[in-house]
Amino acid sequence: MTPERTAPGHAAAETGEGRVVLVTGGARGIGAACAAGVHARGDRVAVTHRGDPPEAPRGDGRRYLPLRCDVTEPAEVEAAFVALEEHWGPAEVVVANAGITRDALLVRMGEELWQEVVDTNLTGAYRVARRAVSKMIRLRRGRMVFVSSVGAFLGVPGQVNYAATKAGMVGMARALAREVASRGITVNVVAPGVVATDMTAALGGERFAQLTAMVPLGRAATPEEVAACIGFLCSEDASYVTGAVLPVDGGLGMGL
Ligand code: NAP
């Protein structure tokens with residue numbers, strides 16, 4: 001991990017320059033939409049990426065910081081936080097969004113497919129949350145949002161690994177929500193359904209159509225529709241919401 005831009009120095013959260021937000025997997029898909037949303041509301045946004053550094057939303061790089069980071073590498077997570085803190089100070093809002101699928105029926109799901117998904121989706125979120133939380137405790141404020149999935153509750157064939165991680169995020173978020181509630185920190189979960197991103201594009205048109213046909217609203221979500229709900233949970237308007245799981249699934253998982 002390295003920051004892609006030189007730092008203008010420490011800018012405390014109290015300076016009115018917007019909160020310091022970190023979005024993992026913020027270069028594309030839901031993470032990019034989330035970063036653009038909080039940036040548009042005036043916050044300073046750091047995004048992690050593994051490929052080429054993403055462009056700043058609306059070309060405004062002053063409040064945008066790309067950080068190279070693979071969440072499966074503890075040293076890269078640590079380095080990303082150090083770079084962020086040197087640039088703007090500690091993260092006040094963290095969105096643990098980075099995630100992958102490696103689908104296979106359980107009979108064909110070797111340990112490698114299991115471990116890769118667990119290490120990215122669940123342990124990656126743990127690494128990020130753990131690194132962020134001590135600074136939030138010191139600040140006595142903070143917002144964390146974990147990006148789970150309707151798959152945690154629905155159970156999708158071929159996604160034993162993915163469903164386990166996304167259900168695990170709910171337990172992790174709720175335990176943490178209780179640990180830090182007295183410090184003014186909220187911890188919540190969004191559970192998207194079918195969202196039009198690279199992740200679902202990889203399923204192919206036929207499978208994508210099958211999935212959207214199951215959605216009561218009859219279509220996939222845009223990344224921006226999910227980002228709007230994450231933005232709400234990160235906002236002051238959500239000050240009395242913690243330990244919640246917010247479905248953003250067009251009704252796909254209702255009742256689960
Ligand atoms: P996507 O377009 O495939 O993006 C995945 C993001 O995760 C990318 O930014 C990717 O970073 C990042 N990522 C993957 N492995 C990483 C790693 N080891 N370290 C750091 N970053 C990593 O998928 P998406 O749909 O936006 O998914 C975002 C989140 O929403 C995921 O957690 C996913 O499980 C969840 N979700 C998606 C859907 C859906 O239908 N799309 C539904 C429910 C939940 P790079 O750009 O560096 O590759």
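View 1. The model is predicted: local features need pLDDT of at least 70 and side-chain atom pairs pLDDT 80 or more, while totals for chains, interfaces and linings use all residues. Residues are numbered from 1 along each chain as its sequence is written, and side-chain values use heavy atoms, without hydrogens and water.

View 2. An N or O atom in the Thr197 side chain is 2.6 Å from a ligand oxygen. Backbone atoms also take part: a polar one of Asn97 lies 2.7 Å from an oxygen atom of the ligand, and an N or O of Gly99 lies 3.3 Å from one. Of the 880 Å² of accessible area that the ligand has on its own, the protein covers 95% (Shrake-Rupley method, 1.4 Å probe).

View 3. Helices (DSSP runs of H or I, at least four residues) and strands (E, at least two) are numbered from the N terminus. Six of the six residues of E2 (residues 44-49) are buried, so this strand is largely enclosed by the rest of the structure; buried means under 20% relative accessible area, with a 1.4 Å probe and protein chains only. Arg44, Ala46 and Thr48 point one way from E2, and Val45, Val47 and His49 the other. E2 pairs (at least two DSSP bridges) in the parallel sense with strand E1 (residues 20-23) over four bridges, Val20 being bridged to Arg44. Five bridges join E2 to the parallel strand E3 (residues 64-68), where Arg68 is the bridge partner of His49.

Notes. A polar contact is a pair of N or O atoms within 3.5 Å; within protein, one must be able to donate a hydrogen and the other to accept it, and residues adjacent in sequence count only if both atoms are side-chain atoms. Buried means under 20% relative accessible area, exposed over 50%, partly exposed in between (1.4 Å probe, protein chains only).
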